[in-house]
Amino acid sequence: MIIDCHGHYTTAPPALAAWRDQQIAALDGSATAPLRADLRISDDELRETIEPNQLKLMDERGIDLTIFSPRASFMAHHVGGFETSAEWAAICNELCHRVSALYPDRFAPAAMLPQSPGVDPATCLPELTRCVEEYGAVALNLNPDPSGGHWTAPPLTDRSWYPVYEKMVEYDIPAMVHVSTSVNPAFHTTGAHYLNADTTAFMQLVQGDLFTDFPTLRLVIPHGGGAVPYHWGRFRGLAMALGKPELEEHVLGNVFFDTCVYHQPGSDLLFDVIPARNILFASEMIGAVRSVDPRTGHHFDDTRRYAEASRLSETDWAAIREHNARTVYPRLDALLKGQGR
C-alpha cells in the first residue's frame with residue numbers, strides 16, 4: 001500500500017475561514033469573538049470538499065491513505081495569544097478528525113498544537129492529549145517558529161520543549177516539524193519559510209544532543225528536508241567540527257524526511273543521499289504547488305512518479321511507501337492492522 005504521511009485540510013469549507021476572520025477581528029475588542037459552537041459545517045459539506053479534491057487525486061495516484069492535519073499555513077500561531085490558538089486548534093483538529101471518521105480507511109488524523117509565541121509549550125499538552133485519546137491522532141505537527149518568521153522561540157533542543165517530547169514518547173507518536181505562515185516579508189511562506197525551517201530544524205538537532213535524552217523520539221522533516229540532502233557534506237563537516245558523531249549515529253535514528261520534492265533530479269538526490277530507512281512517502285497534496293508542470297504534463301506534487309522513475313530498488317520503494325511509515329507511526333500501524341491491512 002502507499003501511505004502519504006503529509007496531507008493538510010487545505011480545502012476546508014469557507015465557513016472555517018469566515019469563523020477565523022471573526023476571531024481575528026475580535027482581538028482588538030471591537031467585536032465579539034465567535035464561539036466554537038458558532039461554526040456549523042455538516043458532514044455533507046466535508047464530503048463536498050474532500051471527494052472532488054484530495055480523495056480524487058489519491059485515487060488517481062494510487063495513494064491508499066493520507067495522514068491528515070490542519071492546513072499548515074492557517075495554523076498562524078502568531079495571531080492573538082494562547083487562548084486564540086487554543087480555540088483555533090480545537091476547531092481545526094475536530095474537522096480533521098471528522099474527515100478521518102467519514103473515510104476511516106483513507107485518512108488518519110494528525111493534530112496541530114495551540115502554540116503561541118513566548119508561551120510555554122507545556123500549555124499544548126491538554127490539546128495533544130485530547131487529540132490522541134479522543135480523536136485517535138497518530139501524529140502531530142510541531143511548529144519550531146510560532147512567531148511566523150521572526151524565530152523568537154528557542155531551538156528545538158531547548159528544555160522548554162521537553163514536556164511536549166515527554167508526552168510524545170509516552171504516546172509513542174512522532175511529530176512533523178512544520179512551520180506556518182510567514183509574517184516576515186523577507187520570507188515567502190511556502191517558497192522560503194517552509195524550506196528555511198526544515199533546514200534550520202535539522203541543524204538545531206545536529207548542534208544539540210536531544211536524542212540522548214529522548215532515544216525513542218521521532219521527528220519528521222518535511223519537504224524533503226529543505227536544503228539538508230543537497231548540503232549533506234556540509235552538515236557532516238559541521239557535526240565533526242562540533243564534536244558530534246557521524247550523522248547516521250547522531251540523528252538518523254530519530255529523524256526522517258518526506259518525499260515532498262517536486263522534480264525528478266531533486267527526488268533522485270534525496271534517494272541517493274538519505275538512507276531509504278529514513279525516507280517516508282508524501283506529497284503534501286493538495287498543497288502549495290498545485291499546478292501541472294508543462295514540461296512533464298503532470299502535477300508537480302505527483303511525487304509517486306518521481307519515486308517510481310528513480311533508481312530505488314523494489315525493497316527500498318516498499319519501505320518508503322509503506323513500511324517506514326508503519327514503523328515511525330506505530331498508532332497508524334495499529335489502526336491499519338485493526339482494519340485488516
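Trainee: Which helices do the buried residues of helix 1 pack against?
Mentor: This is a predicted model. Helix 1 runs over residues 14-25, and its buried residues are Leu-16, Trp-19, Arg-20 and Gln-23. They pack against helix 4 (72-75) and helix 5 (82-102).

Trainee: Why do the buried residues lie on the same side of helix 1?
Mentor: The residues in question are Leu-16, Trp-19, Arg-20 and Gln-23. They lie on the same side of helix 1 because, around the axis, they cover an arc of only 100 degrees.

Trainee: Which exposed residues does the face of helix 1 turned away from its buried side carry?
Mentor: A residue counts as exposed when its relative accessible area is over 50%. On the face turned away from the buried side of helix 1, the exposed residues are Pro-14 and Asp-21.

Trainee: How far does helix 1 reach from its first C-alpha to its last?
Mentor: Helix 1 has 12 residues, and 16 Å is expected at 1.5 Å a residue. The reach in the model is close to that, at 17 Å.

Trainee: Which residues of helix 2 are buried, and within what arc do they fall?
Mentor: Helix 2 covers residues 43-50, and its buried residues are Leu-46, Thr-49 and Ile-50. What covers them includes strand 1 (3-9), helix 3 (54-61), strand 2 (65-70), helix 5 and strand 3 (107-112).

Trainee: How many residues of strand 2 are buried?
Mentor: Strand 2 pairs with strand 1 in the parallel sense over 5 bridges, and 3 bridges join strand 2 to strand 3, also in parallel. Strand 2 is largely enclosed by the rest of the structure, because the number of its buried residues is 6 of the 6.

Trainee: Which residue in strand 2 is the bridge partner of Asp-4?
Mentor: Strands of a sheet pair through backbone hydrogen bonds, either parallel or antiparallel. Here strand 1 and strand 2 take the parallel sense. The partner of Asp-4 in strand 2 is Thr-66.

Trainee: Which are the edge strands of the open sheet?
Mentor: The sheet is formed by 8 strands in the order 1-2-3-4-5-6-7-8, with parallel pairing. An edge strand here pairs on one side only. The edge strands are strand 1 and strand 8 (279-280).

Trainee: Which residue in strand 5 stands opposite Leu-142?
Mentor: Strand 4 (residues 139-142) and strand 5 (residues 175-177) pair in the parallel sense over 3 bridges. The residue of strand 5 opposite Leu-142 is Val-177.

Trainee: Is Tyr-135 buried or exposed?
Mentor: Tyr-135 is found in the loop between helix 6 (125-133) and strand 4. Among the residues it touches are Asn-93, His-97 and Pro-109. Buried means under 20% relative accessible area. Tyr-135 has 15% relative accessibility, so it counts as buried.

Trainee: How far apart in space are Tyr-135 and Leu-95?
Mentor: In sequence, Tyr-135 and Leu-95 are 40 residues apart. In space, C-alpha to C-alpha, the separation is 10 Å.

Trainee: What packs against the buried residues of helix 7?
Mentor: Helix 7 spans residues 162-171, and its buried residues include Tyr-162, Tyr-165 and Met-168. The buried residues of helix 7 pack against helix 6, strand 4, strand 5, helix 9 (210-213), strand 6 (219-221) and helix 15 (330-338).

Trainee: Which residues have the most contacts inside the largest nonpolar core?
Mentor: That core has 82 residues. One of its residues, Phe-257, touches a list that includes Phe-202, Ile-221, Trp-232 and Leu-280. Those with the most contacts inside the core are Tyr-165, Phe-202 and Phe-257.

Trainee: What is the radius of gyration of the protein chain?
Mentor: The chain has 15 helices and 10 strands. The globule rule gives 20 Å for 341 residues, and the value for this chain is close to that, so the chain is as compact as a globular protein of that length: 19 Å.

How values were computed
Residues are numbered from 1 along each chain as its sequence is written. This is a predicted model: local features need pLDDT of at least 70, side-chain atom pairs count only at pLDDT 80 or more; totals for chains, interfaces and linings use all residues. Side-chain values use heavy atoms; hydrogens and water are left out. A nonpolar core is a set of buried Ala, Val, Leu, Ile, Met, Phe, Trp, Tyr and Cys residues joined through side-chain atoms within 4.5 Å. Buried means under 20% relative accessible area, exposed over 50%, partly exposed in between (1.4 Å probe, protein chains only). Contact means heavy atoms within 4.5 Å. Helices (H or I, at least four residues) and strands (E, at least two) are DSSP runs, numbered from the N terminus. The expected span of a helix is 1.5 Å times one less than its number of residues. The arc is that of the directions from the helix axis to the C-beta atoms. Two strands pair if DSSP finds at least two bridges between them. The radius of gyration is taken over C-alpha atoms; the globule rule is 2.2 Å times the number of residues to the power 0.38. Lists of a residue's contacts leave out its neighbours within four places in sequence.
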